Amino acid sequence: VNSFTKYEDGIALEDWTRLAISFSDTIDPTARWKLEIKAMSGTIYGDYGNDLPLDYLIIEARNGNGNINLGQGANGELKGPINLSTIEQALIEDAPQGSFQDLKLFISYRLGREEDKRLKGKHPDYYFVDIEFILSPYP
């Protein structure tokens, strides 16, 4: 957190991560996939030792304008927004096979934007957390 506005109102990083996914099953052309996310640690660390709970960070995926309109009809179910945790949580499930040009997602992050999770009153710091994306067959 490096400004009073971010400290008071929280931080929004819209479409901050852009993923292009390739999923192809040569044995089962009807196979589907899911993308999950989890934190690699139990807290959001502050450079100066002022940690935040993981659930202060909210993550949401949306269609990234690939050739397949993810999240629409038979093209998978977008989940979220979700609060980050160490447990794997789905961003999208039941999505179709396709190439990097077909399957694109935008991931947005919001920290301290919820009324009960404001940063104001917390010690200002530079926060970080490692996040793992897990792509696997669905179900």
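## Starting in strand β7

Asp 94 lies in strand β7. Strands (E, at least two residues) and helices (H or I, at least four) are DSSP runs, numbered from the N terminus. Phi of Asp 94 is near 60°, a positive value in a residue other than glycine. Is this residue buried, partly exposed or exposed? Asp 94 counts as partly exposed because its relative accessibility is 31%. Here, buried means under 20% relative accessible area, exposed means over 50%, and partly exposed is in between (1.4 Å probe, protein chains only).

Strand β7 also holds Glu 93. With a relative accessible area of 18%, Glu 93 is buried. Leaving aside neighbours within four places in sequence, Glu 93 is in contact with Trp 33, Lys 34, Gly 76, Glu 77, Lys 79 and Tyr 138. Contact means heavy atoms within 4.5 Å.

## How to read the model

This is a predicted model: local features need pLDDT of at least 70, side-chain atom pairs count only at pLDDT 80 or more, and totals for chains, interfaces and linings use all residues. Residues are numbered from 1 along each chain as its sequence is written, while side-chain values use heavy atoms, with hydrogens and water left out.

The pLDDT is the predictor's confidence in each residue, from 0 to 100. The protein averages 92, and 99% of the residues score at least 70. Confidence is lowest in helix α1 (residues 4-9), at a mean of 79, and highest in β2, at 97. Where pLDDT is low, the predicted coordinates should not be read in detail.

## The open sheet

Now let's look at how strands line up. In the order β1-β8-β4-β6, 4 strands form an open sheet with antiparallel pairing. Its edge strands, β1 (11-23) and β6 (82-83), each pair on one side only. Two strands pair if DSSP finds at least two bridges between them.

β1 and β8 are antiparallel and pair over 9 bridges, and Arg 18 stands opposite Phe 106 in β8. Strand β8 (residues 98-111) is also joined to strand β4 (residues 57-63), by 7 bridges. Leu 57 has Leu 111 in β8 as its bridge partner. How many of the 14 residues of β8 are buried? The count is 10, so β8 is mostly covered.

## The nonpolar core

A nonpolar core is a set of buried Ala, Val, Leu, Ile, Met, Phe, Trp, Tyr and Cys residues joined through side-chain atoms within 4.5 Å. The largest one has 31 residues, and those with the most contacts inside it are Trp 33, Ile 44, Leu 57, Ile 59, Leu 70, Leu 91 and Leu 111. Two or more residues come from each of β1, β2 (32-39), β4, β7 (89-95) and β8. Which element gives the most to this core? That is β8, with 5 residues.

Beyond its neighbours within four places in sequence, Leu 91 is in contact with residues including Leu 35, Ile 37, Ile 59, Ala 61, Ile 107 and Phe 133.

Most residues other than glycine have a negative phi, and most peptide bonds are trans. Asn 65, in the loop between β4 and β5, has a positive phi near 65°. Asn 65 counts as exposed because its relative accessibility is 56%.

A cis peptide bond joins Gly 80 and Pro 81, with omega about 10°; Pro 81 sits in the loop between β5 (77-78) and β6. The peptide bond from Tyr 138 to Pro 139 is also cis, with omega near 0°, and Pro 139 is found in the segment after β10 (131-138).
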